There are 2 protein chains.
Amino acid sequence: MTIAGAGETAEPAPKPDAERRRRPRGAVRAGLIAAGVELARAGGPDAVVLREATRLVGVVPNAAYRHFADRDELLAAVCAAAMAELGDRMAEGVSQVTGPRDDPNAAFLRLGAIGTAYLRFAREEPGLFATAYAVPDEHPYIPPSEEEDAGAVVDRSPLGQLRSALDALVDAGVLRPGERPGVEYPIWSGVHGLAVLTGQGPLRDVDDEERAQLEQSLLSFIAKGLE
Amino acid sequence: MTIAGAGETAEPAPKPDAERRRRPRGAVRAGLIAAGVELARAGGPDAVVLREATRLVGVVPNAAYRHFADRDELLAAVCAAAMAELGDRMAEGVSQVTGPRDDPNAAFLRLGAIGTAYLRFAREEPGLFATAYAVPDEHPYIPPSEEEDAGAVVDRSPLGQLRSALDALVDAGVLRPGERPGVEYPIWSGVHGLAVLTGQGPLRDVDDEERAQLEQSLLSFIAKGLE
DNA sequence: GGTTGTTTGTGGACACCGTCCACTTTAACG
DNA sequence: CGTTAAAGTGGACGGTGTCCACAAACAACC
């Protein structure tokens, strides 16, 4: 045992024993989450397997238990990251619509951009999309030292962005204020349902053209529901 | 070994060796599916564990491989059974609405009954509902010697029942024929999305009252989308 | 009816997974 | 310095899906 140059007979150089504990402070935890995200991207929530994540980070399986209580807690962190990525894509899609907040046309386009970005993410990143909504029953969410500026920061969650788009629609005079309360849920349900049905669901084998038509007809249906 | 009245000394009776191969023809396969359905009912698709199913049937794990290529094929059969049960519950719900097929009021009530039964099944049998839509990528579906009377039998699948309800709505003069093609998909998406979001999704912790309100507002939204 | 061959169930084994335990090393702090 | 808590290691256990070779039960055929 001892220290120094002991062992290391052949080239595998399994544990230089000086490479241990050289990583910066939170690197292993962050690396495990990043590895889990890549696993989820490729294979959905079931593919985020603890041992494989530690392998990718280059650490022994048990090391994960210094950062997460169990596999579900790691999965919860990965789910949060996936949800954040969905939120980022939606924000990016909305930001490409120009025009003032209370302009009727722009407000409507922004709502459409939200739905489109949501469906696009589900289509292009099916593994991450499924993972975002595969939060385990325990470990509701993981607040990794969030700075809370008392509402100064905008809500980048999918539901938050949908809500502000609908509020803007009211301010623009497109949606009657009496119709506003609670509309986010039917709309969210419709978009989410189509994403699931055409993702892992029974509609997963439709070709691109049909899929585009399904998305279009859903958005039209939602628009009609808003008058 | 021998035959006749051997074995049956006490209740453990581990392997009387004459108890082998005493089950009727397709009993093991049917038993495995039934056991899988109960596992899915209690814990969703991930709870459909091959070894546990064989344990419930009282057979060794490898026996399952005489009836299914692998665990996914068993799961596919369980998914089909779960989907069939969903279809049965919907048909039962619809059948409780009386009135002729082309009566506007009855036709509308039937459509509502379809959505209500769908959401009710998802709420009361979350494990089976999730399993019905957890069909593995391979093994699309399993036709266990289906008799096909060339359309004489009615389609009891959820989508089939939704379609016939919408067709009846057209025949009753409630829905304009031009609006009919493709409407089933936005409607299905909305109902399915709410079922998923309030089931395993982020809305799973809402209380019964809120849940009822969500369902009601979704059905109103859909009704408005149909004029 | 006895032989033969195909189904169906058995026993044992393998690799992989999540998780627990005891141990050693590292980093931080007085 | 020395001490102590955190972080990583090694080895083990039970559980799972799956493969292989073998034996019993059935079906079929001459």
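The model is a predicted one. The interface fits the picture: 100% of the interface residues of chain B are also interface residues in chain A, so the copies meet through the same surface.

Next, the core. In soluble globular proteins, nonpolar side chains tend to be buried together. Here the largest nonpolar core holds 113 residues. The members that touch the most others are Y118, F129 and L226, in chain A and in chain B: A:Y118, A:F129, A:L226, B:Y118, B:F129 and B:L226. Take A:F129. Beyond its neighbours within four places in sequence, A:F129 contacts A:L86, A:Y118, A:F121, A:A122, A:H192, A:A195 and A:V196.

Now a helix pair in chain B. Helix α7 spans residues 184–198, and helix α8 spans residues 208–225. Their axes come within 10 Å and cross at roughly 170 degrees. An angle over 145 degrees counts as roughly antiparallel, so α7(B) and α8(B) are roughly antiparallel to each other. From α7(B), the contact uses B:I187, B:G190, B:V191, B:L194 and B:T198. Facing them in α8(B) are B:R211, B:L214, B:E215, B:L218 and B:I222. By type, the residues of this contact are six nonpolar, two polar and two charged.

B:T54 sits in helix α2 of chain B, residues 50–57. Its relative accessibility is 1%, so B:T54 counts as buried. Leaving out neighbours within four places in sequence, B:T54 touches B:L32, B:V59, B:V60, B:P61 and B:A64.

How values were computed: Residues numbered from 1 in each chain as written. Chains lettered and ligands numbered in written order. Predicted model: local features only at pLDDT ≥ 70, side-chain atom pairs only at ≥ 80, totals over all residues. Heavy atoms only, no water. Core = buried A, V, L, I, M, F, W, Y, C linked by side-chain atoms within 4.5 Å. Buried < 20%, exposed > 50% of the residue type's maximum accessible area, 1.4 Å probe, protein only. Contact = heavy atoms within 4.5 Å. Axes fitted to C-alpha atoms, helices over the stretch in contact; angles between N-to-C directions. Helix = DSSP H or I, 4+ residues; strand = E, 2+ residues; numbered from the N terminus. Parallel < 35°, antiparallel > 145°, perpendicular 65-115°, else oblique. Nonpolar A, V, L, I, M, F, W, Y, C, P; charged D, E, K, R; others polar.
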